[in-house]
Amino acid sequence: MSRFNISTAALAAVLIAWALMGQALVPNWVPIAALVVHVALAALGVAFLEMQWFGPALCRCRSIAKEVAITFDDGPTPAGTPAILDALEQARVHATFFCVGSRAAASPELVGRIARAGHLLANHAYSHHPLTNFFSDARLFREFEDTSRVLEQACGERPSFLRPPIGLSNPGVFRAAARAGLRVVGWSARAMDTPSGRPERIVARLCRRLRPGAILMLHDGKLPPGAMATTLRILLDRLRELGYQPVRLDALLSREKQGKTMRHPA
Ligand SMILES: [Zn+2]
């Protein structure tokens with residue numbers, strides 16, 4: 001049962017108590033306050049996946065090693081992806097690419113290049129529509145399923161992870177993701193890599209929330225290619241100085257499972 005369902009059940013219990021017992025025992029302000037809290041928490045839950053409000057979202061792994069997953073949203077892009085791949089190849093590290101299905105369908109050769117370089121491909125919905133969070137369950141499922149199919153056709157492997165567009169979620173997103181065989185993923189540190197962002201500041205923002213098992217989120221195609229290459233060079237140098245190893249998201253998650261079986265502290 002999700003936290004949203006528990007909150008809904010608690011609200012229903014308050015309303016039933018108010019209806020049955022009357023104002024003498026349950027004053028009118030109690031159900032109003034319960035409704036306001038329920039709606040406010042739901043609104044926050046939509047925007048913050050780390051609240052796990054509508055379902056379990058992977059926002060950080062409980063890694064015991066100093067490993068992190070670097071993830072890129074919104075690609076592949078003909079202008080941005082090659083610069084990212086070159087920077088990662090130079091540093092000999094692997095990352096995870098949350099691809100938009102329509103962009104992957106338009107650039108299957110880039111999807112193939114990402115996969116051949118050893119990176120992990122993941123699902124970021126087909127249209128990346130700003131109103132995705134208002135789509136029906138059936139349309140959400142098509143968004144996720146069509147993207148998985150395009151990625152599978154391009155690289156031969158079906159993705160296991162989904163990051164909803166803009167990181168927004170609701171109960172339908174979790175239902176459709178489960179139906180498509182996808183695990184919902186958020187992040188623990190985001191770059192805020194707007195087109196005018198300075199590489200040093202972007203890296204500093206990411207490194208403030210650096211922890212073992214962190215999931216770092218950047219974008220493919222937001223920064224100009226030169227600025228992205230500089231950002232990645234600074235970030236990868238900084239991670240090396242601090243003793244962190246970037247790995248694919250599936251590798252980070254497998255380390256968490258190993259840690260659990262070894263009964264190491266979280
Ligand atoms: Zn996105």
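This is a predicted model: local features need pLDDT of at least 70, side-chain atom pairs count only at pLDDT 80 or more; totals for chains, interfaces and linings use all residues.
The model counts local features at pLDDT of at least 70 and side-chain atom pairs at pLDDT 80 or more, while totals for chains, interfaces and linings use all residues. Residues are numbered from 1 along each chain as its sequence is written, and side-chain values use heavy atoms, without hydrogens and water.

Visitor: How far apart are the end C-alpha atoms of helix α2?
Guide: Helices here are DSSP runs (H or I, at least four residues), numbered from the N terminus. The expected span is 1.5 Å times one less than the number of residues. For the 19 residues of α2 (29-47) that gives 27 Å, and the end C-alpha atoms agree at 27 Å.

Visitor: Within what arc do the buried residues of α2 fall?
Guide: Buried means under 20% relative accessible area, exposed over 50% (1.4 Å probe, protein chains only). Pro31, Ala34, His38, Ala42 and Gly45 of α2 are buried. They line one face of the helix, because their directions from the axis to the C-beta atoms fall within an arc of 65 degrees.

Visitor: Which residues on the other side of α2 are exposed?
Guide: The buried residues of α2 have cover that includes α1 (3-21). On the other side, the exposed residues are Trp29, Ile32 and Val36.

Visitor: What area is buried between domain 1 and domain 2?
Guide: An automatic or database assignment sets the domain bounds: domain 1 is 3-47 and domain 2 is 67-262. Buried area is the accessible area (1.4 Å probe) lost on putting two parts together, summed over both. Carbon and sulfur atoms give 54% of it, and the total is about 290 Å².

Note on methods:
Helices (H or I, at least four residues) and strands (E, at least two) are DSSP runs, numbered from the N terminus. Contact means heavy atoms within 4.5 Å.
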